[in-house]
Amino acid sequence: MLRYFTFSRFWNAVLLYCSYHWSRWSGKSAHAGKAISVTIEPTTSCNLRCPECPSGLRSFTRATGMMKMELFRMIADEVSSHAAYMNFYFQGEPFLHPEITQMFAYASSKKLYTSTSTNAHFLDEKKAREVVQSGLNRLIISIDGTTQDVYESYRIGGTLSKVIEGTRNVVNAKRQLKSATPQIVFQFLVVRPNEHQVNEVKALADELGVDEVVYKSAQVYDYENGNPLIPQNDAYSRYKKNASGKWVLKNKMENQCWRMWHSCVITWDGYIVPCCFDKDAKYKLGSLNEQPLSVIWNNEAYQNFRAQLLRGRNQIDICTNCSEGTKVGLEVE
């Protein structure tokens with residue numbers, strides 16, 4: 001990814017790093033530089049019904065929709081001078097957007113490192129070829145089980161054979177086009193129903209020609225009294241049981257958050273929200289339909305939010321179930 005850091009992007013990262021650590025030391029919000037990482041939400045629509053996902057649960061209070069290409073191009077044009085990384089995933093299934101591969105290609109033309117996450121149900125041969133041709137750098141495929149019964153226990157409404165077929169299509173397209181990208185990553189969300197398969201997914205990845213397997217701890221909403229999704233193996237869990245028998249987040253909840261200094265999330269309809277934990281866009285910090293990101297990035301609402309983090313992060317509801325700073329041992333032999 002270092003190839004994507006031009007001098008101006010590198011200097012911007014230095015400014016961000018210095019201002020972040022000065023803010024931590026002083027307890028006062030100071031911000032120099034602009035976002036080096038930008039997350040785009042192509043759509044909030046999804047074909048699955050995952051139990052801990054607002055998109056799957058259809059529990060949003062905000063509207064469902066798809067980002068217009070005009071808005072996307074405006075974002076990419078503005079951020080390309082200072083950002084190095086663009087992620088095409090917040091809520092929803094990105095490949096439901098009819099112009100998603102055109103988005104990848106446009107961002108790639110701006111010399112941005114591009115990544116997306118998908119449930120891989122829409123990667124037919126044609127779409128897989130378009131993905132490879134788009135220049136997408138990293139394709140994360142959610143595969144939370146190696147058998148259909150385990151997979152669908154979390155990915156409700158999903159079909160494992162489609163995930164495997166979609167993976168094969170991208171692997172084959174890379175070979176046919178003699179392309180090193182996208183890097184194909186299997187992401188395994190470790191929950192109690194699938195924790196016995198953490199090693200099996202590595203074997204499946206090797207069989208299919210997947211480049212990497214990563215393991216992710218699961219966020220659950222109702223965890224204080226336990227939850228059937230919390231793994232039995234404590235190393236795989238974001239939560240632990242305290243002396244009173246209640247479950248608590250392992251995170252020490254320090255008054256700091258690097259995400260709020262180096263990245264931002266943009267909803268399908270152009271709102272800027274603090275991070276990926278604000279799934280319902282409760283904390284709207286500005287709208288790109290009214291102002292450019294360069295203005296919103298340091299406006300009063302943004303600076304007040306950063307200042308609140310430094311004063312008491314545990315007082316912000318979206319932060320109370322956040323993995324920032326959590327130590328979870330997800331190394332699998």
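Predicted model: local features only at pLDDT ≥ 70, side-chain atom pairs only at ≥ 80, totals over all residues.
Colleague: Let's start with helix H8. Which of its residues are buried?

Modeller: H8 runs over residues 200-208, and its buried residues are Val 201, Leu 204, Ala 205 and Leu 208.

Colleague: How do I read that spacing? Why would those residues sit on the same side of H8?

Modeller: The general idea first: an α-helix has 3.6 residues a turn, so residues three or four places apart point the same way. Now the case here: Val 201, Leu 204, Ala 205 and Leu 208 are the buried set. They cover an arc of only 100° around the axis, which puts them on the same side of H8.

Colleague: And on the other side of H8, which residues are exposed?

Modeller: Asp 206 and Glu 207 are the ones exposed over there.

Colleague: What do the buried residues of H8 pack against?

Modeller: Three elements: helix H7 (160-177), strand S5 (183-190) and strand S6 (212-217). While you're there, look just past the end of H8, where Gly 209 takes a positive phi of about 90°.

Colleague: Okay, on to a single residue. Where does Ser 115 sit, and is Ser 115 buried or exposed?

Modeller: Ser 115 belongs to strand S3, residues 113-118. For burial, the cut-off is under 20% relative accessible area. Ser 115 comes out at 0%, so it counts as buried.

Colleague: How do I read a lining? What does that of the largest cavity divide into?

Modeller: Sort the lining residues by type. For the largest cavity you get 10 nonpolar, no polar and one charged. Among them are Cys 257, Met 260, Phe 305, Arg 313 and Cys 322. The second largest cavity has three nonpolar, two polar and two charged residues, including Lys 34, Glu 78, His 82 and Trp 297.

Colleague: And the second largest pocket: how much space lies in it, and which residues lie nearest its centre?

Modeller: About 280 Å³ of space lies in that pocket. Of its 14 lining residues, Tyr 221, Phe 277, Lys 279, Asp 317 and Ile 318 lie nearest the centre. By type, the lining has five nonpolar, three polar and six charged residues. Phe 277 and Ile 318 also turn up in the lining of the largest cavity.

Note on methods
Residues numbered from 1 in each chain as written. Heavy atoms only, no water. Buried < 20%, exposed > 50% of the residue type's maximum accessible area, 1.4 Å probe, protein only. Helix = DSSP H or I, 4+ residues; strand = E, 2+ residues; numbered from the N terminus. Arc of directions from axis to C-beta. Contact = heavy atoms within 4.5 Å. 1 Å grid on protein atoms, 1.4 Å probe; cavity = no way out; pocket = protein on both sides within 12 Å on 5 of 7 lines; lining within 4 Å. Nonpolar A, V, L, I, M, F, W, Y, C, P; charged D, E, K, R; others polar. Points joined across faces, edges and corners; volume = space filled by probe spheres on them.
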